[in-house]
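Hi,

Here is the two-chain model you were waiting for. Have a look at it first, and then read on for my notes.

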Amino acid sequence: MMLAVIAVGLLAGVLGAILGLGGGVVVVPALEFVLPHFGREITIQQAVAVSQIGVLAVGLSGAASYLQQGLVRARTGYLLSPYTIVGGAVGSFLGLILPARAVATVFALLLLYSAYNLLRGLKRVEVEREPSRLVPPAMTFAGIMSGLLGIGGGTVQVPVLNLLAGVPIRQAIATSTFIMGLTAVGNALVYQAGGLLDVKMAAGIGLGVLVGARMGARLQSRIPAAQLKLFFSLLLIFTSLNLLWKYWGHA
Amino acid sequence: MNTEGNAELAGLPHWLYPAGFWVGVALLAVGVLLPNLAAIGVIWIAAVPVLAALWVALAGWRLDRRLSIAALLALGGLVLVFIVKQFI
């Protein structure tokens, strides 16, 4: 079973490096659907808890690379991270108390939204602008989503940093990756306190993501991103429908 | 790196994240092989961003007070979560 867990982490790391979308969006549904084949049932909240360690690994690997490239806005990141940390703690607490069906439904919607974004491409701004007053609540919302769903930041945080905080897109991606480490630490603390974090499985996911992110960075130029985007979008839609069927199909 | 980028990074050690990455790979690999030690690798990769914020807060106090306070705010958020989690 551990080899399957590491393989899930590897896949998340590779896709994250190539598509910028690979943390919880891959780890949570993959654990949900793969582990039962090895005789291990896992709830979506347990998968989200393990995914927080995957997000930590994505943050560590990404920040190492982006800091070398000089793309991280550390001050901006540290100033905004209290919002994502508090939001993340609230989201994680919601993850502990909400029924699995509710979490799965929100997650399925996130998968559909991610597929839409992959196909259409995110709206992005390349030039520096004045930050909006909506940044603090929007970052708190990004934190809630990361805590509740075990996702990093690509889906919610990057658009907030780029479109509302006025940070140019490449720096927004780098700064989001930098922040997600601190947010995931808080989230993991809450899930560990709630008894949902399987540390052995988390170590497998963390290792897979760290190695996968390095492999993905090397594979980036060799893999046609357009076809991969289309394939992954269809996979996200299929996974979303499967998740809805798993939690609502027998109602 | 532009001038603004340099100002934003004042005090943040460039070697910390790459070193944290490779030590993390080694410790997590040990944790996968010896499951009783799995927690060490997980704690390590969680400790790296916290260590970075702590470093910036302390080392940047004279170099860049605003960055230092921002890092302290981030650490304050984590301390708050740590306190609240005791009640779960």
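To start with the chain B side: what share of the 88 residues of chain B counts as buried? The answer is 42%. Please keep in mind throughout that this is a predicted model.

The model scores ipTM 0.87 and pTM 0.89. For chain B, the mean pLDDT is 86, with 89% of its residues at 70 or more. Within that chain, helix H2 (residues 16–33) has the highest confidence, at a mean of 95, while helix H1 (residues 3–8) has the lowest, at 52. Residues 1–5 of chain B fall below 50, and beyond near neighbours in sequence this stretch has three contacts in the model. Where pLDDT is low, the predicted coordinates should not be read in detail.

**The two chains**

Both are helical in the model: chain A has ten helices and zero strands, and chain B has four helices and zero strands. Of the 251 residues of chain A, 62% count as buried. Its C-alpha trace spans about 50 × 40 × 30 Å along the principal axes. A compact globule with 251 residues would have a radius of gyration near 18 Å, and chain A comes out at 17 Å, so the two agree.

Now for contacts between residues at least 6 apart in sequence. In chain A, 84% of these join residues at least 24 apart. In chain B, residues 24 or more positions apart account for 42%.

**Where they meet**

The contact between the chains takes 43 residues from chain A and 42 residues from chain B. On the chain A side, helices H1 (2–19), H3, H4 (74–97), H8 (169–193) and H9 (199–219) each supply at least two residues. That side of chain A divides into 29 nonpolar, eleven polar and three charged residues.

**The core**

The largest nonpolar core has 121 residues, and those with the most contacts inside it are Val50(A), Leu56(A), Phe107(A) and Ala71(B). Helix H3 (residues 44–69) of chain A gives the largest share of this core, 15 residues.

- H1(A) has 18 residues and reaches 25 Å from first C-alpha to last, close to the 26 Å expected at 1.5 Å a residue. Because 13 of its 18 residues are buried, H1(A) is largely enclosed by the rest of the structure. Gly20(A) follows this helix and has a positive phi, near 75°.
- H2(B) should span 26 Å for its 18 residues at 1.5 Å a residue, and its end C-alpha atoms are 26 Å apart, which agrees. Its buried residues include Tyr17(B), Phe21(B), Leu28(B) and Val32(B). The buried residues of H2(B) pack against H1, H3 and H9 of chain A, together with helix H3 (38–63) of chain B.
- H4(B), residues 65–85, should span 30 Å for its 21 residues at 1.5 Å a residue, and its end C-alpha atoms are 30 Å apart, which agrees. Among its buried residues are Leu67(B), Ala71(B), Leu75(B) and Val81(B). What covers the buried residues of H4(B) includes H4 and H8 of chain A and H3 of chain B.

Which of the categories does Met139(A) fall into, buried or exposed? Met139(A), found in helix H6 (residues 135–149), has 29 other C-beta atoms within 10 Å, so it counts as buried.

Arg101(A) sits in helix H5 (residues 100–120). Arg101(A) has 13 other C-beta atoms within 10 Å, so it is partly exposed. Beyond residues up to four places away in sequence, Arg101(A) touches Tyr247(A) and Trp248(A). Arg101(A) and Phe178(A) are 77 residues apart in sequence and 31 Å apart in space, C-alpha to C-alpha.

Cheers

Methods: Residues are numbered from 1 along each chain as its sequence is written. Chains are lettered from A and ligands numbered from 1 in the order in which they are written. This is a predicted model: local features need pLDDT of at least 70, side-chain atom pairs count only at pLDDT 80 or more; totals for chains, interfaces and linings use all residues. A nonpolar core is a set of buried Ala, Val, Leu, Ile, Met, Phe, Trp, Tyr and Cys residues joined through C-beta atoms within 7 Å. A residue is buried if 20 or more other C-beta atoms lie within 10 Å of its own, exposed if 12 or fewer, and partly exposed in between; C-beta atoms are placed from the backbone. Two residues are in contact if their C-beta atoms, placed from the backbone, lie within 7 Å. Ala, Val, Leu, Ile, Met, Phe, Trp, Tyr, Cys and Pro count as nonpolar, Asp, Glu, Lys and Arg as charged, and the others, Gly among them, as polar. pLDDT is the predictor's confidence in each residue, from 0 to 100. The expected span of a helix is 1.5 Å times one less than its number of residues. The radius of gyration is taken over C-alpha atoms; the globule rule is 2.2 Å times the number of residues to the power 0.38.
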